[in-house]
Amino acid sequence: MYEHYKNARNKSWEVLIACGINSLPVDLWKIAKHFDLRIHPYSKTNLIGLLKEDVSQGDGFIVYLDGKKEIFINDKIHCRNRRRFTVAHELGHGILNHDISQIHYRNSEIDSQTDMQELEANIFARDILMPATVLAALDIHTPEEIMEPCNVSRQSAAIRAQRLHELYRRNKFNLHPAERKVREQFDDFIRNYQK
Ligand SMILES: [Zn+2]
């Protein structure tokens with residue numbers, strides 16, 4: 001379990017660094033572009049008509065089309081911040097090279113204890129949208145404080161806040177060189193941030 005957690009977390013740092021992400025809210029489209037992953041809203045594609053009804057009711061999915069990974073996001077349901085989580089989650093599947101031959105079209109912000117690919121995609125999504133080192137530098141603690149700069153749902157923010165509480169308690173920030181690099185990349189943003 002911890003290996004999956006570490007794998008997804010370390011990849012999130014790598015991605016933030018590689019894509020030059022230096023401010024919140026994180027620009028997910030910049031990340032998609034960097035990895036050549038295209039994102040399609042359901043409303044702008046005619047493919048959805050071909051899908052089973054329960055797929056079109058889901059959150060989104062990633063699939064191979066002509067050998068390329070393409071992400072589809074249901075833009076008809078959920079608030080914008082919930083959709084951001086889905087985009088980040090599907091980017092996670094793509095970037096972590098998960099087996100996407102089977103379509104998973106529903107995702108939960110609550111972590112799966114049995115499906116490690118779903119778990120990894122969630123860890124990745126949270127670490128990309130709400131980098132702990134940046135939140136710590138801003139002395140952010142509560143879900144409300146997290147929601148504001150990160151554009152995430154209350155549920156995502158609450159899960160992050162819980163984890164953050166644990167990290168604060170053990171003072172476990174910036175131990176890994178990649179995390180320190182992320183922190184440095186956000187220097188200007190942190191300096192100019194007004195709570
Ligand atoms: Zn998934």
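Helices are DSSP runs of H or I with at least four residues, numbered from the N terminus. By this assignment Lys6 of this predicted model belongs to helix 1.

**Figure 1. Overall fold of the predicted chain.**
The chain holds ten helices and three strands. Starting at the N terminus, the order of elements is α-α-β-α-β-β-α-α-α-α-α-α-α. The radius of gyration is 16 Å, close to the 16 Å given by the globule rule for 195 residues, so the chain is as compact as a globular protein of that length. Along the principal axes, the C-alpha atoms occupy a box of roughly 50 × 30 × 30 Å. Of the 195 residues, 36% are buried. Among contacts between residues at least 6 apart in sequence, 72% link residues at least 24 apart.

Leaving aside residues up to four places away in sequence, Ala88 touches Leu28, Ala125, Ile128 and Leu129. In soluble globular proteins, nonpolar side chains tend to be buried together.

**Figure 2. Lys6 in helix 1.**
Lys6 has 13 C-beta neighbours inside 10 Å and therefore counts as partly exposed; a residue would need 20 or more to be buried, and 12 or fewer to be exposed. The C-alpha atoms of Lys6 and Ile123 lie 9.0 Å apart, although the two residues are separated by 117 residues in sequence.

**Figure 3. The buried face of helix 9 (residues 177-185).**
The buried residues of this helix are Glu179, Val182 and Gln185. Viewed down the axis of helix 9, they fall within an arc of 115°, so they line one face of the helix. An α-helix has 3.6 residues a turn, so residues three or four places apart point the same way. The cover over the buried residues of helix 9 includes helix 1 (2-18) and helix 6 (132-137).

**Figure 4. Packing of helix 1 against helix 9.**
Two packed helices are described by the angle between their axes and the distance between the axes. Here the axes of helix 1 and helix 9 come within 9 Å and cross at roughly 35°. The crossing of helix 1 and helix 9 is left-handed. On helix 1 the contact is made by Asn10, Trp13, Glu14, Leu16 and Ile17; on helix 9 it is made by Ala178, Glu179, Lys181, Val182 and Gln185. Glu179, Val182 and Gln185 are also the buried residues of helix 9.

Key
Residues are numbered from 1 along each chain as its sequence is written. This is a predicted model: local features need pLDDT of at least 70, side-chain atom pairs count only at pLDDT 80 or more; totals for chains, interfaces and linings use all residues. Helices (H or I, at least four residues) and strands (E, at least two) are DSSP runs, numbered from the N terminus. The radius of gyration is taken over C-alpha atoms; the globule rule is 2.2 Å times the number of residues to the power 0.38. Two residues are in contact if their C-beta atoms, placed from the backbone, lie within 7 Å. The arc is that of the directions from the helix axis to the C-beta atoms. Axes are lines fitted to C-alpha atoms, for helices over the stretch in contact, and angles run from 0 to 180 degrees between N-to-C directions. A crossing is left-handed if the near helix is turned anticlockwise from the far one by less than a right angle, and right-handed if clockwise.
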